[in-house]
Amino acid sequence: MSFSEDNDDEYEKLVRRMNPPRVVVDNEYCKNATVIQVDSANEHGILLEVVQVLTDLNLIIAKAYISSDGGWFMDVFNVTDQAGNKIVDEDVLDYIKKSLGPESCFMPAMRRSVGVKPSTDSTSIELIGSDRPGLLSEVSAVLTNLRCNVVNAEVWTHNTRAAAVMQVTDEDSGAAITDPERLSSIKKLLCNVLKGSNRKREAKTVVSHGVTHTERRLHQMMFADRAYERQLNGEESRARPEVNVVNWQDRDYSVVTIRCKDRPKLLFDTVCTLTDMEYVVFHGSVDAEEGPQAYQEYCIRHIDGSAVKSEAERERLIQCLEAAIERRVSEGLKLELCTKDRVGLLSDVTRIFRENSLAVIRAEVATRAGKAVNTFYVRDSSGYPVDRKIIESVRQSIGKTILQVKGENHEEEQNQGQESSTRFFGGLFKSRSFCNFGMIKSYS
C-alpha cells in the first residue's frame with residue numbers, strides 16, 4: 001500500500017513538473033472584483049482545493065467559471081473581500097499564488113487530504129449523535145470535569161443530528177492530551193453523553209492528534225451519518241433550496257442547477273458535497289452578483305465516468321445538496337461572546353443557555369491571543385421565537401459587555417429577481433435552459 005502511494009506521489013510530481021499550475025491575478029479587467037484564474041493539470045478534488053483556499057481567506061466568490069474537460073483544469077473566479085472591495089493586500093495575493101501555484105506542486109500527498117495537517121498543540125475530538133436541547137452544555141461539562149480546555153470548536157445541527165469538531169488541550173500543561181487511558185476515558189464518556197436516551201441512532205466519538213479542516217470534516221461526518229435524510233418534523237414546511245438534476249442526452253453529463261438565498265461559503269459547501277459523493281465537475285457557472293439570490297450550475301459525472309443512472313441516485317444527490325446548503329443557514333438569534341479564555345468557560349456559558357431554555361443550533365468557538373471569541377446561534381427549545389427578556393437575563397448572568405446580540409436571521413422565501421441573460425457559454429446554462437433544446441432527459 002505504501003509502495004503504491006509512493007509511486008502515485010512520484011507520478012503526480014512528474015505530471016506537475018511537466019505541466020506546472022499557473023495562477024493569474026488581475027485587478028484591471030473587472031470593475032468590481034479581482035479576477036483569479038487557475039490553470040493546472042486536472043485531478044479529482046482540485047476544484048475543492050481551489051475553492052477552499054479562497055474561502056479560508058474569507059473572500060466572497062461573486063462569479064466563477066469552471067472547465068475541466070480532458071486532462072486540464074481551468075477556473076476563473078471573481079472575488080472580493082467581505083466589504084465588496086477588490087483584493088489589494090499583497091500578502092493575501094502572494095498566499096493565493098503560493099497555495100495554488102507551482103510552489104505547491106511537490107506536496108501531492110498533502111494535497112490529496114485538503115486542509116489536513118498534523119498537530120502536537122491540541123487533541124482533536126469528533127462527535128456525532130442525535131441532537132437535543134442542552135447537548136453542547138453536557139459535552140462541555142464532561143470535558144471540563146476531565147480537565148480539558150476547549151480552544152477551538154465548530155458545531156452544526158441538521159435533521160435532528162448534531163456534529164462537532166473540537167480541539168482541546170490539557171488543563172495543566174496547555175498541550176495536547178496523549179495518555180492512551182485518558183483518551184479512552186474521554187471517548188467513552190462523551191459517547192455516553194451523545195447516546196442519551198436515543199438508542200435507535202448511532203453516536204460516534206473519534207479522538208486524534210491531527211487537525212483537520214473543520215468545515216470540510218463536518219460535511220464528511222454528516223454525509224457518512226446520512227444526516228441528509230429528511231425527517232418528519234415541523235421543519236418540513238420550511239422553504240427548501242431549489243435543486244434540480246437532469247441528464248443531458250447528447251453528452252454523458254448530468255446537469256445540476258441550484259437556486260437559493262446567497263450566503264458566505266455557499267460554493268464551498270456545494271463543491272464539498274459533490275466531491276464527497278465522488279462526482280466530477282466538468283463545466284460550471286456560479287453567479288451571486290444579482291441581489292440576494294445565488295445561482296449555480298454544474299455538468300457532472302460520477303468518478304466512474306457515468307451520469308446519474310436512476311431516480312434513487314438523483315433524489316439522493318438532491319437531498320445531499322439541500323442538506324449542505326441548509327446546515328450553515330444562520331437561523332435564530334446570533335450571540336457573540338468575547339472575553340479572557342479560561343478552562344470551563346464554554347461549559348458555564350452553555351449551561352446558562354440550557355437553564356434559560358435556549359438551544360444552540362450552531363456554534364463557532366475560537367481562542368485568539370488568550371481571548372475566547374465565540375459565536376452562538378440559539379433559538380427557544382420549544383420552537384417559539386426567542387423571548388428578548390430571556391436574552392437580557394442571560395446577558396446579565398454572563399456579562400452584558402461580554403455577550404452581545406448581533407441580530408436575528410430567519411430564512412425567508414425570496415422572490416427570484418430578474419435573471420440575467422449573460423451567463424456561462426453565452427447564456428446557455430441559465431437564460432436558455434438545455435430543456436428548451438430537447439437535450440435534457442428528465443426523470444419525472
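The model is predicted: local features need pLDDT of at least 70, side-chain atom pairs count only at pLDDT 80 or more, and totals for chains, interfaces and linings use all residues. Residues are numbered from 1 along each chain as its sequence is written, and side-chain values use heavy atoms, with hydrogens and water left out.

**Overall make-up**

- The protein chain has 12 helices and 19 strands. Both are DSSP runs numbered from the N terminus: helices are H or I with at least four residues, strands are E with at least two.
- Of its 444 residues, 51% count as buried. Buried means under 20% relative accessible area, exposed means over 50%, and partly exposed lies in between (1.4 Å probe, protein chains only).
- The accessible surface of the protein chain is about 21400 Å², and 49% of that belongs to carbon and sulfur atoms. Accessible areas come from the Shrake-Rupley method with a 1.4 Å probe; for residues, only the protein chains shown count as cover.
- Take the contacts between residues at least 6 apart in sequence: 74% of them join residues at least 24 apart. Contact means heavy atoms within 4.5 Å.

**The largest cavity**

- A search of the whole structure finds 5 cavities of 30 Å³ or more. On a 1 Å grid over the protein atoms alone, a cavity is a set of points where a 1.4 Å probe fits but cannot get out; lining residues have an atom within 4 Å of a point.
- The largest cavity holds about 100 Å³ of space. Its lining has 17 residues, and Asn149, Val150, Arg342, Leu345 and Leu346 are the closest to its centre. Grid points are joined across faces, edges and corners, and a volume is the space filled by probe spheres set on the points.
- α5 (135-145), β7, α10, β16 and β17 each supply at least two residues of this lining.
- By class, the lining of the largest cavity has 8 nonpolar, 7 polar and 2 charged residues. Ala, Val, Leu, Ile, Met, Phe, Trp, Tyr, Cys and Pro count as nonpolar; Asp, Glu, Lys and Arg count as charged; the others, Gly among them, count as polar.

**Helices α5 and α10**

- In α5, the buried residues include Leu135, Leu136, Val139, Val142 and Leu143.
- In α10, Leu345, Leu346, Ser347, Val349, Thr350, Ile352 and Phe353 are buried. Serine 357 follows α10 and has a positive phi, near 60 degrees.
- An α-helix has 3.6 residues a turn, so residues three or four places apart point the same way.
- Leucine 345 lies in α10, which spans residues 345-355. Leucine 345 counts as buried because its relative accessibility is 8%.
- Beyond its neighbours within four places in sequence, leucine 345 is in contact with Leu337, Thr339, Lys340 and Ala372.
- Leucine 345 and valine 150 are 195 residues apart along the chain, yet their C-alpha atoms are separated by 8.7 Å.

- Strand β16 (residues 358-368) is mostly covered, with 8 of its 11 residues buried.
- β16 runs antiparallel to strand β7 (residues 148-158), joined by 4 bridges. Two strands pair if DSSP finds at least two bridges between them.
- Glutamate 154 stands opposite glutamate 364 in β16.
- β16 also runs antiparallel to strand β17 (residues 371-380), with 10 bridges. Here arginine 368 stands opposite lysine 371 in β17.
- β16 and β17 form a hairpin with 2 residues between them, and alanine 369 in the turn has a positive phi of about 50 degrees.

- In strand β13 (residues 279-287), 9 of its 9 residues are buried.
- Strand β3 (residues 60-67) and β13 run antiparallel, joined by 5 bridges.
- β13 also pairs with strand β14 (residues 293-302) in the antiparallel sense, over 8 bridges.
- Aspartate 287 in β13 is the bridge partner of lysine 63. Aspartate 287 also stands opposite tyrosine 295 in β14.

- Histidine 219 lies in helix α7 (residues 214-224). Histidine 219 counts as buried because its relative accessibility is 1%.
- Setting aside neighbours within four places in sequence, histidine 219 has contacts that include Trp156, Phe268, Asp269 and Arg327.
- Threonine 257 lies in strand β12 (residues 253-261) and is buried, with a relative accessible area of 15%.

How values were computed:
1 Å grid on protein atoms, 1.4 Å probe; cavity = no way out; pocket = protein on both sides within 12 Å on 5 of 7 lines; lining within 4 Å.
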